[in-house]
Every structure is written in structure tokens, then in C-alpha cells.
Amino acid sequence: MDLSGTRVVDLTQPLSEATPVIQLPEPFANTPPLSRRPLSRYDDAGPGWAWDVLELGEHTGTHFDAPIHWVTGRDVGAVASVPPEHLVAPAAVLDRSAEAAADPDDLVTVDVIRAWEAEHGPLPAGGWLLVRTGWDARAQDAAAFLNVEGGRPRTPGFDVECARWLADEAPVVGVGVETVGTDAGAAGGFDPPFPVHHFVLGAGKYGLTQLANLAELPPTGALLVVAPLKLVRGTGSPARVLALVPA
């Protein structure tokens, strides 16, 4: 395969101890941030090598959501069972950066996607819908990234009917966002709560979060490459996410 006319765009945020993680209210358990413990550093414990033990949640940093992450998808499938053709697939990129800059609670509706399709063509069958909000610029500042105001996170996402439509009618296998989760910050108060998780994962589809550099992708024509760990019983996995873009 000749890739000489192809540009590779890294859609992955750097993963470190400072990477923001979602913060759930009590009494829910929170995932810890990344931590590491050294095993050796070219010393008596390993004179010729260095390596660490990592502790991190499955849903830390740029990561993949498998259906079993949510109760509605508990019987559908884990990370290890995802067909590889779903991990290398075309991407549609919806730009909501101006709307999210004006309103951090901006919600994508079915009408918004229909308007995008009228301009760019139908969503790709077997592909991914990626939503650009400009939120990746906040990713190294936890307070700005999580954007909690008055005890409630304010981040963009999808409304309930759009989440249901993505699950039941849209031809895509998953959705990707630049925020900490695929649902809007206010989605805990929606009916049902966290509708993207509820409907999309329940339909056997997938999520990608904390993406970067979506501004470098065209609305259509990019090939998405998603590489989570092939984790048995995994509800999710940190992932390296790349896009192949015609130069």
C-alpha cells in the first residue's frame, strides 16, 4: 500500500499523572489518576533495563468505551471482542467548536447532524462520528477541562434524542469526543441519565473520549485507527488513536 500521499494525525492526548480524569459525586467510586512504581532503573534490580508498574483506570486519558462499560451493554461485548474492522474505519468530523466556545453546554441534535449530512453526505456506514468542540485545548488544565461551575460540570455533548438516534438509526459504529466523556456535562440530569452511554453502548456501539487535534481532520475522507489494549473482560482501555488523512 502506498501511503506517500497520506498524512498521519495523532488524535491522542499525552497520558501522565497530570491527565484529568472524570470526577463523580459521592457515593460513587472514582477512578484514580495514573500512578507508577519503578521496578528498575538500570540498577541492581535490573542493570540493563528500566520498567515500571502502572496503576490507572480503564477509562483514563484518551480511551475507548466498550459496550459492557454501561449496564445497558453488560451482555454485549468487552474490549477484546471488538471486531478489528470497527477499529480501522472512516471518520466523519462534525465541527461544533464555535457553538461550544459560545456555550459550554452546547448539545448536538439530530437536526445538527442532518444539516451536516446535507452539506457533506451521509455518515459513513461502519464508521465513526467525531465531534470537534475545541475542548482539546483545555486538556492540560484539569479545572478548565472538567469545567465545574456551581457543582456541575459544563461540557458539550449530545441531547437525548440524538443519542437514541445514533444508537438505533445512524450507520456509525461509534462516536468520539474531545471532552472527558461521551456525554455532556449536564447529562446526569437527562432522562435517561447519560444517554450516549445508555443508548450507544447498549446498542453494541462504542465511544472514544479525550481526543486531540480534530481540527486537523477534514469533514470526510479521514481513516480512523483506534488501538485499545485487547483486554479480556475490559470495559474500556486507554488507546492510541490516529487518523490517516489524504495530503
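Pro192 sits in the loop between strand E11 (174-177) and helix H5 (195-201), and a cis peptide bond with omega of about 0° joins Asp191 to Pro192. The loop between E11 and H5 also holds Phe194, a residue with a positive phi of about 50° although it is not a glycine. Phe194 turns up again at the largest pocket, where it is among the residues closest to the centre. Please keep in mind that this is a predicted model.

**Backbone features in the loops**

- A cis peptide bond also runs from Glu26 to Pro27, with omega near 10°.
- You can find Pro27 in the loop between E1 and strand E2 (35-43).
- Is Phe194 buried, exposed or partly exposed? With a relative accessibility of 30%, Phe194 counts as partly exposed, because that class lies between under 20% for buried and over 50% for exposed.
- Asn213 is a residue other than glycine with a positive phi, near 65°.
- To locate Asn213, look at the loop between strand E12 (206-209) and strand E13 (222-228).
- Asn213 has a relative accessibility of 30%, so it counts as partly exposed.

**The largest pocket**

- The largest pocket holds about 950 Å³ of space.
- Which residues lie closest to the centre of the largest pocket? Of the 35 residues in its lining, they are Ile22, Gln23, Leu24, Pro25 and Phe194.
- Strand E4 (63-65) and strand E9 (152-153) are the elements that give two or more residues to this lining.
- Sorted by class, the lining of the largest pocket has 13 nonpolar, 18 polar and four charged residues.

**The second largest pocket**

- In the second largest pocket there is about 220 Å³ of space.
- The lining of the second largest pocket has 15 residues, and those nearest its centre are Leu15, Leu54, Leu56, Leu229 and Pro238.
- Which strand gives the most to the lining of the second largest pocket? Strand E14 (residues 236-246) does, with five residues.
- The classes in the lining of the second largest pocket are nine nonpolar, three polar and three charged residues.

- Rolling a probe the size of a water molecule over the atoms shows where empty space is left.
- How many cavities of 30 Å³ or more does a search of the whole structure find? The search finds two.
- The largest cavity contains about 70 Å³ of space.
- Around the largest cavity you will find Arg96, Asp106, Val108, Val131, Thr133, Pro156, Gly157, Phe158, Val177, Glu178 and Thr179.
- Five nonpolar, three polar and three charged residues make up the lining of the largest cavity.
- The second largest cavity has a volume of about 30 Å³.
- Gln13, Pro14, Thr19, Pro20, Ala139, Gln140 and Gln210 line the second largest cavity.
- By class, the lining of the second largest cavity has three nonpolar, four polar and no charged residues.

**Two helices in contact**

- Two packed helices are described by the angle between their axes and the distance between the axes.
- Helix H2 (residues 110-120) and helix H4 (residues 160-168) have axes that come within 8 Å and cross at roughly 55°.
- That angle makes H2 oblique to H4, because it falls between the roughly parallel class, under 35 degrees, and the roughly perpendicular class, 65 to 115.
- Which residues of H2 meet H4? Val110, Ile113 and Arg114 in H2 meet Glu161, Cys162, Trp165 and Leu166 in H4.
- The contact of H2 with H4 has five nonpolar, no polar and two charged residues.

- Leu3 belongs to the segment before strand E1 (6-10).
- Leu3 counts as partly exposed because its relative accessibility is 44%.
- How far apart in space are Leu3 and Asp111? From C-alpha to C-alpha they are 36 Å apart, and in sequence they are 108 residues apart.

Notes:
Residues numbered from 1 in each chain as written. Predicted model: local features only at pLDDT ≥ 70, side-chain atom pairs only at ≥ 80, totals over all residues. Heavy atoms only, no water. Axes fitted to C-alpha atoms, helices over the stretch in contact; angles between N-to-C directions. Helix = DSSP H or I, 4+ residues; strand = E, 2+ residues; numbered from the N terminus. Parallel < 35°, antiparallel > 145°, perpendicular 65-115°, else oblique. Contact = heavy atoms within 4.5 Å. Nonpolar A, V, L, I, M, F, W, Y, C, P; charged D, E, K, R; others polar. Buried < 20%, exposed > 50% of the residue type's maximum accessible area, 1.4 Å probe, protein only. 1 Å grid on protein atoms, 1.4 Å probe; cavity = no way out; pocket = protein on both sides within 12 Å on 5 of 7 lines; lining within 4 Å. Points joined across faces, edges and corners; volume = space filled by probe spheres on them.
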